[in-house]
Amino acid sequence: MKKIYQLTMLLLAGAFALTACEDDNESNPTLVQPTQFVLNTPAVNGNVDLQRSQTVALTWSQPRPYNDFDAPVVPTYKVQISPTGSFNKEYDANLEDNTGADFFTLDETYNNGQNVEINTETIDRKLVQLFLWEDASKVPAILDLAIRVKASIQDAGFHEYKTIYSNVVNMKAVPYYIELKPAEPIIWYMVGNCIGTDSWSNGTVGNGLVPMFLVPNEQYDATTGGGLTSFTGYFPEDGQFKFVLVPGNWDSQLNYTNVKNPGSFLIDADGDNHNIGIAEAGYYTIQVDTRTNDITINRYEDPVKVYSQLCVAGTFNEWGDTDMTPVFTLDGAENHIWKCEVNGGDKLKVKIPGSWETNWGYKSGLAGEGDGDGNLVVPEGKYLFLFNDITGDYMLIDLSK
């Protein structure tokens, strides 16, 4: 009887342990799958003229929280549009043949559905791509557009899961013909406590934001703008930074989780923010492949000269010296990026003050044209001119946008 009693007690204890484990598991936060959310009908009067109007306003409700305990797991939203009313095959700009595609997804992402403004030119460009309109005669007078919103959770590599869709709403649009030009190369901007003039200031390019530079003679995808971008500079020990895609906006980021070869000289800094932390001060070349959003960081081993001042000389100042402004001025910074504003038609070179012994001019494969004397001829417009004295690379940031 004693053995039977002991066995009974063991079974009871086991049952209690199982119950306790089940209760414990049930108390853990669990990512759940919402089932629906509501896209409101756009408040538009009549047909939306995509050429004469600038935006279409959309609003939608938030889905049921993605966590049992209402934890702040914020979904990412994208707007999808179908001119046929069907959402069977998505247009993919990376494919040569999109036969049968009947809807497209706009590139912009959102974190809520309040007061979202959809650019009408962006919609029209997508329609031109989808229908392959060759000229204005091919464009219909009116199109019925079906609109829905996709909600999903994105991981650090922008992979989507737990995707759901809103209801579909309809509107009538007046499209127009746009001659499609090659897409502008995708540029990510560095921001951090060791970047530029302002620590963690996601505002002005050339101050707290420093762009990745285009690679001379790199072939950027004509449809997506994807390709290799690069930056070489000095980074102090304990410096931290990450990348943003749109100046002033933190929604789209690249960080330590995108680095493919961290090595001993980098750390995943600042907890959940995954900042790229510099464990060993030195010169580094950073490359971002905007086709995959992969980041590689390697030491730059060639000798580097530090300039206390550089100037720009050109037709605008009768080839005299106009001081450029250093971009990296935070404590502990060693500056190798310089800036100034230039105008269309200017011919210019970068040089050391008071001498032509060291100078840099047009670089094949980058923006602008070169003349017979090796000067950079600035395209039409007004630009922020950024120059890297380690590599001789430069970039023109259009100030009219």
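In this predicted model, the charged end of arginine 148 sits over the ring of phenylalanine 103, 5.5 Å from the ring centre; sitting over a ring takes CZ of Arg or NZ of Lys within 6 Å of the ring centre and within 35 degrees of the ring normal. Arginine 148 also lies over the face of tyrosine 165, at 4.0 Å from that ring's centre.

A few ground rules apply: local features need pLDDT of at least 70, side-chain atom pairs count only at pLDDT 80 or more, and totals for chains, interfaces and linings use all residues. Numbering runs from 1 along each chain as its sequence is written, and side-chain values use heavy atoms, with hydrogens and water left out.

On to the aromatics: a search of the whole structure turns up 17 aromatic pairs. Rings of Phe, Tyr and Trp (its six-membered ring) pair if their centres lie within 6.5 Å, and planes under 30 degrees apart count as stacked, over 60 as edge-to-face and the rest as tilted. Phenylalanine 87 and phenylalanine 103 make a tilted pair, with 5.3 Å centre to centre and 55 degrees between the planes. Both of these residues sit in the loop between β3 (76-82) and β4 (104-105), 16 residues apart. Phenylalanine 87 and phenylalanine 103 are both buried (under 20% relative accessible area, with exposed over 50% and partly exposed in between, using a 1.4 Å probe and protein chains only). Elsewhere, Phe213, Phe231, Phe235, Phe241, Phe243, Phe265, Tyr284 and Phe328 form one aromatic cluster.

Next comes threonine 391, found in the loop between β27 (382-388) and β28 (394-398). Threonine 391 counts as partly exposed because its relative accessibility is 26%. Leaving aside neighbours within four places in sequence, threonine 391 is in contact (heavy atoms within 4.5 Å) with Thr232 and Lys363. Glycine 233 is 158 residues away from threonine 391 in sequence, yet their C-alpha atoms are 9.2 Å apart. A polar atom of the threonine 391 side chain lies 3.2 Å from the backbone nitrogen of aspartate 393.

As for the whole protein, there are 2 helices and 28 strands, taken as DSSP runs numbered from the N terminus (helices H or I, at least four residues; strands E, at least two). Buried residues make up 42% of the 401. Mean pLDDT, the predictor's confidence in each residue from 0 to 100, is 88, and 88% of residues reach 70 or more. Residues 1-27 stay under 50, and the model gives them 1 contact beyond four places in sequence. Where pLDDT is low, the predicted coordinates should not be read in detail.

Terms used:
Polar contact = N/O pair within 3.5 Å; in protein donor to acceptor, adjacent residues only side chain to side chain.
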